[in-house]
Amino acid sequence: MSQNKDAKVLLVVEDDLGLQKQLKWCFEQYQLVFAEDEASAIKQLRRFEPEVVTLDLGLPPDPANATVGLGVLQQMLKLAPYTKVIVVTGNDDQSNAVRAVGMGAYDFYQKPIDPDVLSLVVDRAFKLSQLERENRRLAAVVKPLDGLIAASDEMLAICRMVEKIAPAGGEWYR
């Protein structure tokens, strides 16, 4: 784990130790947490609750196949549905990357790593995560009829009814 304790947490799931070292200097602005396999990835996800994860699809015990990586992606999205997962693939594995995005991954990036481009993708994921978090916070605070003035008992009853049915999104009239 990197030393920047006040920074946003970025979980990097990568079994190549050389690539981990390269990513350490690439993401100095984040608190980096590393995982090398399925078990450590899920453990670190639960422990640190990162907003963004980079996930190498080629994980042990079968790094030539994306099966383990896709399984980890599925578990991550179930445990932390708001986490932005960026899958990282080899040059010849674009079909699995597209499949991962179809499963719910935020984006994908193909190796070899270009630190500037990967940083751009990760920074964009953090910004989107922040916007979505703020949107969820505001949605929880705003009530459908805030600001409406109603004095009569009849009007108050109608307002209460509208507040109850408003979350259905208008499905009641179809």
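Which residues point one way from β3, which point the other way, and are they buried or exposed?

Modeller: This is a predicted model, in which local features need pLDDT of at least 70 and side-chain atom pairs count only at pLDDT 80 or more, while totals for chains, interfaces and linings use all residues. Residues are numbered from 1 along each chain as its sequence is written, and side-chain values use heavy atoms, with hydrogens and water left out.

From β3, Val52, Thr54 and Asp56 point one way, whereas Val53 and Leu55 point the other way, and all are buried. Here buried means under 20% relative accessible area, exposed means over 50%, and partly exposed lies in between, with a 1.4 Å probe and protein chains only. Strands are DSSP runs of E with at least two residues, helices are runs of H or I with at least four, and both are numbered from the N terminus. Because five of the five residues of β3 (residues 52–56) are buried, the strand is largely enclosed by the rest of the structure.

The neighbours in the sheet come next. Two strands pair if DSSP finds at least two bridges between them. β3 pairs in the parallel sense with strand β1 (residues 9–13) over four bridges, and Leu55 is the bridge partner of Val13. Strand β4 (residues 84–89) also runs parallel to β3, joined to it by five bridges; there, Ile86 stands opposite Thr54. Between β3 and β4 the chain passes through helix α3 (residues 67–79), giving a right-handed β-α-β crossover: with the strands pointing away from the viewer, the path from the first strand over the helix to the second runs clockwise.

The whole open sheet has five strands in the order β2-β1-β3-β4-β5, with parallel pairing. At its edges stand β2 (31–35) and β5 (107–110); each has a single partner strand, so one side of each is left without a neighbour in the sheet. From one strand to the next, the twist averages 20°. Angles run from 0 to 180 degrees between N-to-C directions, and axes are lines fitted to C-alpha atoms, for helices over the stretch in contact.

Helix α2 (residues 38–48) packs on the sheet and touches β3 as well as β1 and β2, its direction making about 150° with that of β2; contact means heavy atoms within 4.5 Å.
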